[in-house]
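Have the sequence and the 3D view open side by side. We'll take a walk through a sheet and its helices, then look at the cores.

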Amino acid sequence: MLVQVALPVPLYRVFDYRLPAATQATPTAEPSALPAIGSRVEVPFGRQTLIGIVVAHIAAADSSVPLNKLKSIYRCLDDEPILNAAMLKLAYWLARYYHYPLGDVFGVILPTLVRQGKPLDLLITHWRILPNITDDDFHPNAKKQKQQFDMLKLHGERGASEDVLLLEGMQRPFLKTLEEKGLIERYIEPKQASTPVKLAKLPLDLNDEQQQAVSTIIAAHKAGRYTGFLLNGITGSGKTEVYLQVMQAVLEAGKQVLILVPEIGLTPQTRARFASRFAADIVLLHSGMNNTHRLQGWQDCRTGHAQIIIGTRSAVLYPFADLGLIVVDEAHDGSYKQQDTLRYHAADVALYRGVQYNIPVILGTATPSLEHLKLVDDGKLIECQLSTRPGNAKPAPMQLIDARLQSTHQQTTDDGARYDTGLTDAMIGAIRQTLEAGDQVLVFLNRRGYAPVLLCEACGWQADCPRCDAHLTVHYSRQNSSNAYLKCHHCDWQAYIPAVCPDCGSQNLDAKGIGTTRLSENLHAIFANPQTSKELYPIIQIDRDTTRRKDSWENIYQRINQGDPAILVGTQMVAKGHHFPNVTLVCLPNADRGFLSADFRSPEHTAQLMIQVAGRAGRGDKAGRVLIQTLQPDNALLLKLVKDGYLSFARDLLQERKMMGLPPHTHAALIRCEGKTLAATMQALKDAIAILPSNHNLAVLGPIDAPMSKKNSRYHAQLLLIAKERGQLHQVLNHWWQPVLALPSAKYLKLTLDIDPVGW
């Protein structure tokens, strides 16, 4: 007998290997002596030694390679399979649907340490306080140490694992300091069998729509059948409470629950929400964890120790002992689409895994994607609508401010120069009124940095990235003007801000446009005390620059939830499921610009973002409102969204897509080509078109330059294939894609295939 092994190499095949010499000595060996299907083996591959997954046993006569040319396995790493039949089936489906090498699929779905051949049972450090420790053991000035100690004290005598403590805001240096002082100790806790899940807090009362949704989903769970649900609820309508009450029935049946969230920043607060309801073993999975903790989480899911699993998109690829429910929160979010290697969409994979396990899958969102609305129309998803907020809370009404009728507010600097703040007087007046009433304001601007471009007013020179077709963003702060620089947000190129124009030598260099940093400074100037120049209200900036450090987002979140009047200035990070109960006014200075983009998906994504941001207003007891500042108040798409709401807006877009023959009424594959010259990439794609089957019956668009043709000193072109039927598209790709990769013109280029692309 031989074994077939999938290896992490970019080849669309598996490899045959002989058994080790000790096993070959007994030709009549029973199949049980073979490495199990789904186990890891160490094998020679050329001059390398690789770790692969056994996918089949075959007779020697069935191999396409002569027996005397086959190499032998070095050793088997697992006594039992680490991947069961369901995980192997998932891997084959991913490889087939996304046309990706099977060995590389395993490279995506397995944690790093598993791919490296490490043992599965690694030990995790736990921390606990020592007995008889009192406040007198702390120096009065050691306030930070005492604060960290009190956080650990909340976990009781058993303490908690280090990864949980770090996620809650503890810092590793303080753990070591407290240990050295004899106040806490570390220990290794063997995994205990999970105890039955118990309610830690009683459920909330449901309204009629919530109750109907819960009953319908629980009925599907009890019937033991797959059903996909679109939980279409306006922002603040209580979707999370629906999740929690459905989860209760699933957890009480002894099943696991997987909750997917779009961003790492949402995982700690989501965990806190679920931990306050259930006494259960909760595991967090996201890319911010180190390899050891990722492996432990993978093992906890596989062995059933994890009862509630909260993770970002990659968590949908984990093995589960007894999965009973999948929840995809904010299911419309683009973060669920992987943009490199295996380009899967986590929501689509979640639906497939629901079919695998015969379990319900909930796609929850306030702004459903057109793809999910089409699935509802086709009868493949059941829609449950939540059209009201619990209690007396009402959705915040949206109001347009015509920026043509009133100029934006002008502010004067200390040296007498005047500059544009980017906000109209009407919007500033509304912000002032809200703050004086003791409430919070959210100003949304999806552009970080100080300004998007540096321009010479004398000759028109612009600061462009030398490696990309993009402007360099100005990063600058009046409080720390020495730390000023230019940065490309695509390749991370950085440069000093020049003192004079490189082209004409003029000193008239001006940062044009507004980013979150500049907007924050403008608001500070507007709302500062004129006598002291100190801000009257805190201005909290929320973007990738201010949340880069560990625990920074958690600290910002705690500061916001203190409830004091404040202005929050944020990018799209603030739009994803956050609950700010004291925000009663949301301001969008230029969020509607996406309606003017050439990308046919841009109106959908722009509307989703606007509605999600607007949903942060009025989530508490006070009513909220939303102000949209625009230079195009007569834009038909904007008016449709404001007057009729997102669902009516989306239905119109869906009908428009049908008339134009665009997804989701058709099915697309995007081929991207990357190389040292644009001519080479274009030629490779032209050669690819030339070998398409004559009867392919596809719409072929391109080759054309990619939206950003030069990125990180590499040139990009693309080719789009559109088919009326999904099967028709995959039938062509099955016979065409691998020959494309073998084209002579593609030899030194990077070609990638993206099924169901979200951006063209």
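Two strands count as paired if DSSP finds at least two bridges between them; strands (E, at least two residues) and helices (H or I, at least four) are DSSP runs, numbered from the N terminus. This is a predicted model, where local features need pLDDT of at least 70, side-chain atom pairs count only at pLDDT 80 or more, and totals for chains, interfaces and linings use all residues. Residues are numbered from 1 along each chain as its sequence is written, and side-chain values use heavy atoms, with hydrogens and water left out.

Start with strand E31 (residues 667–675), which six bridges join to E34 in antiparallel fashion. Along this pairing, arginine 672 sits opposite threonine 752 of E34. Helix H20 (residues 678–690) packs on the sheet and touches E31, E32, strand E33 (714–723) and E34. Helix H21 (residues 726–741) packs on the sheet too, touching E31, E33 and E34.

What is the order of the strands in this open sheet? It goes E32-E33-E31-E34, with antiparallel pairing. Strand E32 (699–711) and strand E34 (750–755) are at the edges with a single partner strand each, so one side of each has no neighbour in the sheet.

Now for the cores: a nonpolar core is a set of buried (under 20% relative accessible area, 1.4 Å probe, protein chains only) Ala, Val, Leu, Ile, Met, Phe, Trp, Tyr and Cys residues joined through side-chain atoms within 4.5 Å. The largest one has 118 residues, and Leu94, Phe106 and Trp736 have the most contacts inside it. Helix H2 (residues 85–97) gives the most to this core, with eight residues.

Terms used. Buried means under 20% relative accessible area, exposed over 50%, partly exposed in between (1.4 Å probe, protein chains only). Contact means heavy atoms within 4.5 Å. Axes are lines fitted to C-alpha atoms, for helices over the stretch in contact, and angles run from 0 to 180 degrees between N-to-C directions.
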